[in-house]
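Hi,

Here is the structure I promised to pass on. Have a look at it first, and then read my notes below.

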Amino acid sequence: MSGRRWLFADQLGPHFLDDPGQPALLVESRAAFARRPVHRRRAHLVLSALRHRAAELGDQALFIQTGTYEQARAEAGGDLTVCAPTTWAARRLVARLPGVTVLPARGFGTGEEEFAAWAGRRGKRRLLLEDFYRDARTRLDVLMDGAEPAGGRWNFDGDNREPPPSGGLTLPAPPAFEEDEIDRQVRRDLDAWQRSGDVRLTGEDGPREFPVTRAEALTALRAFVRDRLPGFGPQQDAMLAGDPVLAHSLLSPALNHGLLDPVECAHAAEDAYRAGHAPLASVEGFVRQLIGWRDYVWNLYWHFGDEYRDRNALRARHPVPRWFAELEAESVTARCLSDALAQVRAHGYAHHIIRLMVLGNYALQRGWDPREVTEWFHANFVDGYDWVMVPNVIGMSQHADGGLMATKPYVGGGAYINRMSDYCADCAYRPTVRLGEQACPFTAGYWAFLDRHSARFAGNARMARPVRNLERLADRGQVVAQEKERGSDPP
Ligand code: FAD
Ligand code: SF4
């Protein structure tokens, strides 16, 4: 036995204990919820997952429901061990509390030491996802045939990322999870806390859609591998108005609560490929997300340091407008954006391309303050944790790090959204129009963004062409003036 293990709410799977009988400490801190607004569904998931784990562990766990972590630590007494928490703030907290031994983090395929060793080997070269991913595939022996990648290729991106099929995807619904008395009590508590002003909840309530126990998480993983993995690759970047999930896994909350380990998910996908159940392009695409992107983002969070969240290379200073902050989908005419906001309000979930190319893209084009944008994403998504939000928003989505993470900004006009979705057909705007009544706000916003930053991006090999195209626009000045006039009004 190795002492009592403190389990944070994102450390709930069996692999956070050294042995199944190890005594545990679980803390439900009201103060942790009071810090910022939080989507009702996210608050429900966190509380439900913690309370379910406490119930599962029974007498093995000391479950303390209190104000702050400091109070809980004092109440718990004795010595504690904890797997390194996932945020800068929580690591500072456990470092200053007495009698707490901090162990290496768990729940990721590539640990911080392995990442540092890899980054060291890169020397002054860029820390590219593709290189990181290949190193991880080899080290973790995922989708490898000896020293070679399965199928002779590392990357199947070229075979993936197709537009949505006309008529949509006909996949079974993702598994539903039956709520129990713990869920009902969570709901009653959240109602009471909201009434007393102890928490500020956003979004809508509804039946729980994501796993809160290890058993439910395994059910979700098996259902994904069976039903969605075969189509995962081709539809990765597609968006459909009537289908928020497509072939995505919906596994991020279970992964981020520590109920699933990314390497076990990658192995489950590989087994499906080896058994002939899923094509290599889809399996590779999924594995890339997990032991590639997820672990890369986790490690960049530490590598870039705590000040990374304050980066604002594009000097974006506009506040996030109220209609966006309040998820007022009805006040938005632009179909893609209205649909995305309604989806976030209802589910606390939108898949990657909606986050990046609709919600994030709109914020980037308008020059909204990246810290506020990070807060917005953090508050409104069921899978929002600091380590994953900060690099994804500051680096990938808002280009606020000036290109440390992504060599070019993820900014796009209506043509991209039109190609990858079915939104535009029913929209009041036209994706090809940039000026006048029917001007698509994404298309006009794209040119206004380039106009604002043309000097910076003229020297960027991947942006030089768009900047040259901007210089050829006869109506450039009018488009920019139109966008200024739109200001922070809903589009
Ligand atoms: P799938 O498409 O099925 O992908 C499988 C898994 O890969 C995901 O569950 C996730 O664990 C992992 N993954 C894929 N891309 C990334 C990535 N860029 N970073 C980290 N993990 C990744 N993901 C979060 O888990 N929490 C967040 O708070 C979060 N915020 C984001 C904010 C922005 C602006 C953007 C652009 C992306 C964000 N992501 C975040 C990454 C990604 O969008 C989500 O992980 C994914 O959409 C979750 O849905 P899914 O489980 O159906 O994913
Ligand atoms: Fe979105 Fe523009 Fe298409 Fe309308 S026309 S759905 S605003 S991309």
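The protein splits into domain 1 (4–103), domain 2 (124–174 + 209–298) and domain 3 (308–486), with bounds that come from an automatic or database domain assignment. Before you go further: this is a predicted model, where local features need pLDDT of at least 70, side-chain atom pairs count only at pLDDT 80 or more, and totals for chains, interfaces and linings use all residues. Residues are numbered from 1 along each chain as its sequence is written, chains are lettered from A and ligands numbered from 1 in the order in which they are written, and side-chain values use heavy atoms, with hydrogens and water left out.

I started with how domain 1 meets domain 2. Their C-alpha centres lie 29 Å apart. In the contact (heavy atoms within 4.5 Å) there are 18 residues from domain 1 and 14 residues from domain 2. The buried area between the two is about 1,100 Å², and carbon and sulfur atoms give 65% of that. Buried area here is the accessible area (1.4 Å probe) that two parts lose on being put together, summed over both. On the domain 1 side, His15, Arg41 and Leu45 supply 36% of the area buried against domain 2, more than any other three residues.

What holds charges together across this boundary? The count between domain 1 and domain 2 is one salt bridge, meaning a side-chain nitrogen of Lys or Arg within 4 Å of a carboxyl oxygen of Asp or Glu. The partners are Glu209 and Arg41, whose closest N and O atoms are 3.2 Å apart. Arg41 sits in helix H2 and Glu209 in the loop between strand E9 (201–202) and helix H8 (214–227), so the pair ties together parts that are 168 residues apart in sequence. Helices (H or I, at least four residues) and strands (E, at least two) are DSSP runs, numbered from the N terminus. By the salt-bridge rule the count comes to 44.

There are also four residue pairs in polar contact between domain 1 and domain 2, both residues at pLDDT 80 or more. A polar contact is a pair of N or O atoms within 3.5 Å; within protein, one must be able to donate a hydrogen and the other to accept it, and residues adjacent in sequence count only if both atoms are side-chain atoms. Helix H2 (residues 40–57) gives the largest share of the domain 1 side that touches domain 2, seven residues.

Now the ligands. Ligand 1 is surrounded by 29 residues, the closest being His248, Ser249, Leu250, Tyr349 and Met389; a residue counts as near if one of its heavy atoms lies within 4 Å. An N or O atom in the side chain of His248 is 2.7 Å from an oxygen atom of ligand 1. For Ser249, a polar side-chain atom lies 2.7 Å from an oxygen atom of the ligand, and for His352 the side-chain N or O atom is 2.8 Å from a ligand 1 oxygen.

Ligand 2 has 13 residues around it, with Ala334, Cys336, Cys424, Cys427 and Cys440 the closest. Helix H14 (335–347) and helix H18 (414–420) are the elements that give two or more residues to this shell.

Asp141, in the loop between helix H6 (129–140) and strand E7 (144–145), has a positive phi of about 55 degrees although it is not a glycine. His399, in the loop between helix H17 (386–397) and H18, also has a positive phi, near 50 degrees.

Cheers
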